[in-house]
Amino acid sequence: MKIPFLGNRREEPGAHDAEGIAELLAECELLRHQAARSGVQLDDTVASLEDLDQLVPRWRDDAEVLEWLGNDAGLYLGTVIVRTVPGAVWGIRADGQPVIRLASGREFDVVADGHDWAASGVPELSQVYGEVAEA
């Protein structure tokens, strides 16, 4: 039975609401809270990545916070890239991992970079941004 006003309820496999995904990934609640406590405003700019790179990493003593903060840092880095690098978009790999895809087809696992940054400070978020922006 087809009821026209209900429309087609089945989505195509792999179809995603790109705008909705971008908004969800941009939340980064723990990172925004940590940054605000340190006086850093996260306004989705490259300058805010540089400010994050200067934070004293007090979170490294708490493994649970470290894991969440690393995830948020990667998602925030991706958010800045998507909003400032022409042609950059969020993509979701088959394993569910969010990645940044450039118009050139290159893919960047910014969440892995965020975890590395949270754990050791290397690579700096602003450095990763610079590499992606040049690609």
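## Helices H4 and H6

The axes of H4 and helix H6 (residues 125-134) come within 11 Å of each other and cross at roughly 35°. An axis here is a line fitted to C-alpha atoms, for helices over the stretch in contact, and angles run from 0 to 180 degrees between N-to-C directions. Helices (H or I, at least four residues) and strands (E, at least two) are DSSP runs, numbered from the N terminus. The contact (heavy atoms within 4.5 Å) involves Ala73, Leu77, Val80, Ile81 and Thr84 of H4, together with Leu125, Val128, Tyr129 and Val132 of H6. These residues of H4 and H6 comprise eight nonpolar, one polar and no charged. Ala, Val, Leu, Ile, Met, Phe, Trp, Tyr, Cys and Pro count as nonpolar, Asp, Glu, Lys and Arg as charged, and the others, Gly among them, as polar.

## Basis of the description

This is a predicted model, in which local features need pLDDT of at least 70 and side-chain atom pairs count only at pLDDT 80 or more, while totals for chains, interfaces and linings use all residues. Residues are numbered from 1 along each chain as its sequence is written, and side-chain values use heavy atoms, with hydrogens and water left out.

## Helices H2 and H4

Helix H2 (residues 29-37) and helix H4 (residues 63-84) have axes that come within 7 Å and cross at roughly 95°. H2 is therefore roughly perpendicular to H4; angles under 35 degrees count as roughly parallel, over 145 as roughly antiparallel, 65 to 115 as roughly perpendicular and the rest as oblique. On the H2 side, the contact is made by Glu29, Leu30, Leu31, Arg32 and Gln34, and on the H4 side by Val65, Trp68, Leu69, Asp72, Ala73 and Tyr76. In this contact of H2 with H4, seven residues are nonpolar, one is polar and three are charged.

## The sheet

Three strands form an open, antiparallel sheet in the order S1-S2-S3; two strands pair if DSSP finds at least two bridges between them. Strand S1 (89-92) and strand S3 (107-108) each have a single partner strand and stand at the edges, so one side of each lacks a neighbour in the sheet. H4 packs on this sheet and touches S1 and S2, its direction making about 135° with that of S1.

Four bridges join S1 to S2, and glycine 91 stands opposite valine 99 in S2. Two bridges join strand S2 (residues 98-101) to S3, where phenylalanine 108 is the bridge partner of isoleucine 100.

## The hairpins

The hairpin of S1 and S2 has five residues between the strands, and its glycine 96 takes a positive phi near 90°. S2 and S3 also form a hairpin with five residues between them, and glycine 105 in that turn has a positive phi of about 100°.
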